[in-house]
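Work through the exercises below on aromatic side chains. Each task is followed by a stepwise solution.

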Amino acid sequence: MRKKYANLYVKLTAKSPFLFLILILISIVFLFGVTLTTKVDVIETCNVKVENNKICIQNVTDIMLDEVYVYENRNEAVYKVKIEPEMVRQENNSLEISVNELGFIPQSDFVNVDIPIQQITLFRRVFLQGGKNE
């Protein structure tokens, strides 16, 4: 059955390239449609020190953080942490997160924290910015 449809497709595209060009055009429109509607996070990575079971992030500009991503080695595991009021203490522009509430115990004194700072479309990220954070 598949061979029958494959042969029909080859016959139609060999006689006239219009079907092939229409399929290419539909694919391009679909690609741009998906990239225009898909949102991705722009993140800022901070290398922070763990002291007294707390992670202290300095120079936090966005006080309305919903979540951060904490990891020691990105290739092993990344922990998504929803920021709850009971696990956070804020002072001026620094943010302290209690390690007990993270769901993992850091093995070293330094961990990396990825903070989403904004959301942009995939189209802008790939085609306009060339994959770079700007």
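The model is predicted: local features need pLDDT of at least 70, side-chain atom pairs count only at pLDDT 80 or more, and totals for chains, interfaces and linings use all residues. Residues are numbered from 1 along each chain as its sequence is written, and side-chain values use heavy atoms, with hydrogens and water left out.

**Exercise 1.** Determine how exposed Phe-127 is.

Solution. Phe-127 has 41% relative accessibility. Buried means under 20% relative accessible area, exposed over 50%, and partly exposed in between (1.4 Å probe, protein chains only). Phe-127 therefore counts as partly exposed.

**Exercise 2.** Classify the ring pair Phe-123 and Phe-127.

Solution. Rings of Phe, Tyr and Trp (its six-membered ring) pair if their centres lie within 6.5 Å; planes under 30 degrees apart count as stacked, over 60 as edge-to-face and the rest as tilted. For Phe-123 and Phe-127 the centres are 5.3 Å apart and the planes at 45 degrees, a tilted pair. The two residues are 4 apart in helix 3, so about one helical turn separates them. Helices here are DSSP runs (H or I, at least four residues), numbered from the N terminus.

**Exercise 3.** Which residues form one aromatic cluster?

Solution. The structure holds 3 aromatic pairs. In one of them, Phe-32 and Phe-127, the centres lie 5.4 Å apart with planes at 45 degrees, so this pair is tilted. Phe-32, Phe-123 and Phe-127 make up one cluster.
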